[in-house]
Amino acid sequence: MDLLNTLFQSTPWGPLRIGLHAVFLLAAAYVLKVALDLRSVMRLKHLAKPRAGFGIAAVLVLLGFGAVLVHQATWQLFGTTRPEFVAFMQLHDRRQFNPAHWIQRGRILDASGTLLAETRAVQTPQGLAAQRYYPFGPDFAHVVGYADPRFGTSGIEAAANVQLNGGKPESWQDWGELGRQLLAQTKRPKGHDVTLTLDAALQRLAMERLGEHAGAVVVLRPRDGALRVLASAPSFDPNQVDAEMFLRADPRARLLNRATAGLYAPGSSFKVVMAADALDRGFRGSIQCPADGWTTSGRYRKIRDHEYYEARRAGRTWRGHGRIGLDRALIESSNVFFAQLGVHLGHEAFRATTQRFLFNSRISIGEGDSRRQLMRTGRIPRIAASDRYGLAQASIGQGKVLATPAQMALIAAAVANDGIAPRPRLIASEAPSAVGRFMQQDTARRLRHSLRRAVAEGTGRSIETPGLAIAGKTGTAENPLGAPHSWFIGFAPADRPALALAVIVEHGGYGSAMAAPIARDLLVLAKARAHL
Amino acid sequence: MARPARPETLAERWDARAPERQLLLWVLFAVGVGFLMVLGALPKDGIAVRALDLLAPLSFVLAFLGAHLLFVAVGFRGDQLLLALVAFLAGVGLLAQFRMGVYAAEALGLAHLVLPAGIGVLALVAVALMDGRYRPLAAGIWLWALLSLGIVCLVLATGQRFRGAVYGAGFITPTEALKLTAVLFAAAFIDRHAKALANWPGPIPFPPLRALWPLALFAALLLGLLLVQRDLGLVLILGLALLLQLTAGTKRVGYLVYGALVIFGAGWVVLQLFSHGQRRVASWLDPFADPTGTGWQVLQGLSGMYAGGLWGEGFSQARPRYTPIAESDFIYAVVAEELGFIGSALLLICFALLCWRLILIASRARSPFGMLTAAGIAAVLSIQTLLNVGGVTRTIPVTGVTLPFISQGGSSLLVSCIALGLVLAISDGEPKPVRQRKTTAKRAASPPRGRAGRLRFT
């Protein structure tokens, strides 16, 4: 006994044990082989000939065992294909040798290879453990998300969970690697990297410029929908996810991804939608715009232009636009014009437009392997046929009209892309596709021209930058919570658009004051980074 | 048709069972190697190896060698594969249970006794009933019926509930014995009324109720009472075995079709009535809905398997005790964790060989009663094994049945051993027929009147 005890505690016992393990498995396999070999010797000659029908039973039993083995393999060998299972093991399995604790999740990279998330080995009181690290902290928190065994996954971490865990071999090489990991029982299984379409420099600038303000920035390439920026502020630090974040009703709503889920009144930026619809319907006329505004009925407050208020504040009187066409109205952002235009086109046209622009729906921006990442487009309820004032309000992007920043960026991209809205996409390997045609090609061309003039000589002239040819539309969205939201949607360069964007700064005041300068700074950097 | 007679001299008998000996020695070698690994795990957990720890493997080896020598001594002609396969399965069971601390007691305990006793019983049953001596069991037809129903009633009256099931005195589970008594009753009954049961009159195929009703009533009573005890696994095993026996005895596949309809109907009703079953189905469909509650045991077992990977950590490295109550129903998860996917696949191949061999013996038994009994036992063991490993690997919902020869549990092991002994006895064949041609002719001429007519030619 003492001899055995000494042996078991000596150093050679380690390798010896592994040898015994191999011998045991080999011996077991050999027994089964001998059993099969000895079939002929062990024929039961003294018994009757086999009855018919029993062979089927034997085959069924064998199939049953086969099915169990196959199903067992999907858990035991390919458990990484089940994200919930991996999360369960990481959270609840106390076996320190379980590879689930050691999965070296794939990295998440931006389009130029900048690291956005990686897994590091850190020293904890329980020993070494794998931990997710996000070098830019809050800057990418909403879009990249977090991966935490206790709180689950979000963002791209959730959408591409299986691939990141290494459970989705795509090439023969991947299968080979998976096989090698299985055979060698490696204790640090490696996942696959995921490359995004984002540009880290642009995204960080967007977050920096939003600063303390709440807001969102969406920048995408109109041609193929590649998202360059998907920023939402305020944000949280994915390196420090804790229960506190989820429990407390946060008045700043830091967990909300404002870019894809924040519903805002779009204000004047919505006039692009109305203008597109009017042009599609062949509207080429002009409308008389009284200086002191217009309303559908004497019971309602008049809808007026911003120049009217500015003049009144300065103690002057404003002469009004007079009779103007669509082009001029868009450049000057005339509320009076678009309110009348909307009512003129009618309820049915408005409803059809909201459907064509995919309002009240969700669009996939990341077809992950385990969860899709979706963007909301907006919310526009049906406006009763008797409610003409509601229609007038909606036509200038107020009242019942709500849109997400991602949707407004998509509208700008459609204008830039000859009327076709590309599907916004985050994962670089996803094939580009379109979500639909928002407007006719000719309409888009005319709008590009008008929006360029809106920046060159209209409401956006404060950000006119030589050499960039920015086209766009400002927005100043009245809201019941405080100062108006500041909007800018647009694209650049106007003649061959390479980037489309939407910027919103909550309670930022005039669109030209807060949102438009952020858009300009982003486009300046984009030009420096050769995106334009 | 010349059939080899029983070998006469001891040397002949020794040679005749050489394949069994060869296999058995290899199995014992493998188990020995495994046991060395298991012993080596003890110091790592801070437990010194004691002389007592060697008792379990030694008694294991002695029991199987003893059984083999007994077979040689009496010139046993029965199947040579079964004993070695049982040795392999029981050996893996011994290793896994040793790992789970079943043999950790200070002194000699009941645990040390169960396995050798079971093997002893297996050998004794085989030898006692060989040479066609198993056939009088068919005469005890009503004894088996009364015994079956009596056991269920007794357990229902006196049993105590533990972890969702009903146990008899202490932790003995008398209902395990049903796997023998119910199968024997069904075999005897079908044997006696084979002709009537196989005769399906009428244009629409429907079973002859006049001949079937005693068996149907027995099944309904037995399975109904078992359902009251919530032993869903046993109901499934016995119900399916009975149907398969009926089909094998009458060559009427219609029994399986109607049986499947009844099973689906009854299963649906049962799931509506029993929250116990509903919970298991729900946790099977989505174990992650309540991972720390109803899904915990299965998920912990699967976590262990995943940690074990392809080759396993080897006995001594893994931590199978993290799976709750693994030594009984979830022993397969322990094996898969410590021996890996390869090890568990080897184990399943061994089970498959065992099932195949049992089915083969059933298909070749000379007497219909032997065929029906062997078929019933083969069905019980196959279904029980599939239910257990299927539940552990989440292929089907957990039914809470033991894994034959491997799970801890004296009653289950003893019953499995007796059943295997019985099949071995059947595989030994009948006494050498003296005037075979004449008797078959006579038999064909005389109207078959059940058992009496058949006994005449022995």
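Q: How many bridges join strand S18 of chain A to strand S19 of chain A?
A: The model is predicted: local features need pLDDT of at least 70, side-chain atom pairs count only at pLDDT 80 or more, and totals for chains, interfaces and linings use all residues. Residues are numbered from 1 along each chain as its sequence is written, while chains are lettered from A and ligands numbered from 1 in the order in which they are written. Helices (H or I, at least four residues) and strands (E, at least two) are DSSP runs numbered from the N terminus, and two strands pair if DSSP finds at least two bridges between them. Strand S18 (residues 482–492) and strand S19 (residues 499–505) of chain A pair in the antiparallel sense, and the number of bridges is seven.

Q: Which residue in S19(A) is the bridge partner of Ile489(A)?
A: S18 and S19 of chain A pair in the antiparallel sense. In S19(A), the partner of Ile489(A) is Ala502(A).

Q: Which strands stand at the edges of the open sheet of chain A?
A: The open sheet has five strands in the order S8-S7-S19-S18-S17 (chain A), with antiparallel pairing. Each edge strand has a single partner strand, so one side of each is left without a neighbour in the sheet. The edge strands are S8 (227–233) and S17 (471–479) of chain A.

Q: What angle does the direction of helix H18 make with that of S19(A)?
A: Helix H18 (residues 405–416) of chain A packs on the sheet, touching strand S7 (215–220), S18 and S19 of chain A. Contact here means that the C-beta atoms of two residues, placed from the backbone, lie within 7 Å. Axes are lines fitted to C-alpha atoms, for helices over the stretch in contact, and angles run from 0 to 180 degrees between N-to-C directions. With the direction of S19(A), that of H18 makes about 150°.

Q: Where is the proline of the cis peptide bond from Ala492(A) to Pro493(A) found?
A: The bond from Ala492(A) to Pro493(A) is cis, with omega near -15°. Pro493(A) is found in the loop between S18 and S19 of chain A.

Q: What is omega for the cis peptide bond that joins Ala233(A) and Pro234(A)?
A: Pro234(A) is placed in the loop between S8 and helix H10 (243–247) of chain A. For the cis bond joining Ala233(A) and Pro234(A), omega is about 0°.

Q: Is Leu523(A) buried or exposed?
A: Leu523(A) lies in helix H20 (residues 515–528) of chain A, and it touches Leu468(A), Ile470(A), Ala492(A), Leu499(A) and Leu532(A), not counting residues up to four places away in sequence. A residue is buried if 20 or more other C-beta atoms lie within 10 Å of its own, exposed if 12 or fewer, and partly exposed in between, with C-beta atoms placed from the backbone. Leu523(A) has 27 other C-beta atoms within 10 Å, so it counts as buried.

Q: Is Ala530(A) buried or exposed?
A: Ala530(A) lies in the segment after H20 of chain A, and its phi is near 65°, a positive value in a residue other than glycine. There are 7 other C-beta atoms within 10 Å, so Ala530(A) is exposed.

Q: What is the phi of Ala469(A)?
A: Ala469(A) is found in the loop between helix H19 (441–456) and S17 of chain A. With 19 other C-beta atoms within 10 Å, Ala469(A) is partly exposed. Although Ala469(A) is not a glycine, its phi is positive, about 50°.

Q: Which helix gives the most to the side of chain A that touches chain B?
A: The contact takes 63 residues from chain A and 77 residues from chain B. Among the helices of chain A that each supply at least two residues are H1 (2–9), H3 (54–76) and H8 (172–184). With 16 residues, the helix that gives the most is H2(A).
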